[in-house]
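Please keep the sequence and the structure in view while reading.

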Amino acid sequence: MFQYCLFDLDGTLTDPREGITKSVQHALRAFGIEEPDLKKLEPFIGPPLKDSFMEFYGLTDEQAAKAITVYRERFAPIGVLENQIFPGIVQMLEKLQEARMQLAVASSKPTVFVKQILQHFEIEQYFQVIVGSELDGKRGSKEEVVEEALNRMGVLAMPAEKRHGCCAMVGDRKFDIQGAKAHGITGVGVRFGFARPGELEEEGAEYIADTVADLQEYLLKE
């Protein structure tokens, strides 16, 4: 059984597709881009927003920064709570807590929004550490977020060979697995999020859970 576990937020603990895609749609309109198909905007769920605006719509660094500002004009008052917690997550967190596992959230979303969402769904109390990015763009990569969470949990002080067996990072995208591998911990993927077919396998996830129940069983496995 793992002693420590980090969880991604979007696509792992909650389904944020409505709030994120509608807020991206709102931001793109500021650049004269109309995208009526919200399904096409789901790849924005997971990675840093700046990277996605630049990669998927060819915005410059400066334009992407402006797009994030416009995105937050809708996301902060409306989109942040256009969100649903995945069925079974609360029960899983209770079981992990009962097993005395130390839990953290490691998200690319700004910390202020992460805490708001966790409080809204009444699950903040399960996590000893909550780490996100900053509104000014600092700690923007998943590797940096994971590093900060591991540092606060004391895991980085452990010998590298010990970390892998006692700590896991759970997420639905390749960025979560990359963050795990960068710091020598076990990378666990979930299929109920937003990864494209084969994404988690290609990135080298050491285990991929089909359901929340499957994830719970793996994390508690002796």
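## Salt bridges between residues 134 and 139

In this predicted model, Glu134 and Arg139 form a salt bridge in which the closest N and O atoms are 2.8 Å apart.

## Other charged pairs

The side chains of Arg191 and Asp210 also meet in a salt bridge, at 2.7 Å from N to O. Because Arg191 belongs to the loop between β7 (186–190) and α9 (199–203), while Asp210 belongs to the loop between β8 (207–209) and α10 (212–220), this pair ties together parts that are 19 residues apart in sequence. Arg191 is partly exposed, with a relative accessible area of 47%, and Asp210 is likewise partly exposed, with a value of 46%.

Salt bridges also link Asp15, Arg17, Lys39 and Glu42 into a network. Over the whole structure, the search finds 17 salt bridges.

## A buried arginine without a salt bridge

Which charged residue is buried yet has no salt bridge? Arg163, found in helix α7 (residues 160–166), is buried and lacks such a partner, since the nearest side chain of opposite charge, that of Glu161, is 7.9 Å away, and a salt bridge requires the nitrogen and the carboxyl oxygen to lie within 4 Å.

A polar atom of the Arg163 side chain does, however, lie 3.1 Å from the backbone oxygen of His183. When neighbours within four places in sequence are left aside, the contacts of Arg163 are with Val155, Leu156, Met158, His183, Gly184 and Ile185.

## Helix α5 and its covered face

Helix α5 spans residues 111–120, and its buried residues are Thr111, Phe113, Val114, Ile117 and Leu118. Seen down the axis of α5, these buried residues fall within an arc of 160°, and therefore they line one face of the helix. The spacing can be read against a general rule: an α-helix has 3.6 residues a turn, so residues three or four places apart point the same way.

What covers the buried residues of α5 includes strands β2 (14–15), β4 (102–110) and β5 (129–133), together with helix α3 (61–75). Just after α5, Glu122 takes a positive phi of about 55°.

## Strand β4 and its partners

Strand β4, one of the elements covering the buried residues of α5, is itself mostly covered, with eight of its nine residues buried. Strand β1 (residues 4–7) pairs with β4 in the parallel sense over four bridges, and within this part of the model Leu6 stands opposite Ala104 in β4.

β4 also pairs with β5, again in the parallel sense and over four bridges. Pro110 has Ser133, in β5, as its bridge partner.

Key
Residues are numbered from 1 along each chain as its sequence is written. This is a predicted model: local features need pLDDT of at least 70, side-chain atom pairs count only at pLDDT 80 or more; totals for chains, interfaces and linings use all residues. Side-chain values use heavy atoms; hydrogens and water are left out. Buried means under 20% relative accessible area, exposed over 50%, partly exposed in between (1.4 Å probe, protein chains only). Helices (H or I, at least four residues) and strands (E, at least two) are DSSP runs, numbered from the N terminus. The arc is that of the directions from the helix axis to the C-beta atoms. Contact means heavy atoms within 4.5 Å. Lys and Arg count as positive and Asp and Glu as negative; His and the chain ends are not counted. A polar contact is a pair of N or O atoms within 3.5 Å; within protein, one must be able to donate a hydrogen and the other to accept it, and residues adjacent in sequence count only if both atoms are side-chain atoms. Two strands pair if DSSP finds at least two bridges between them.
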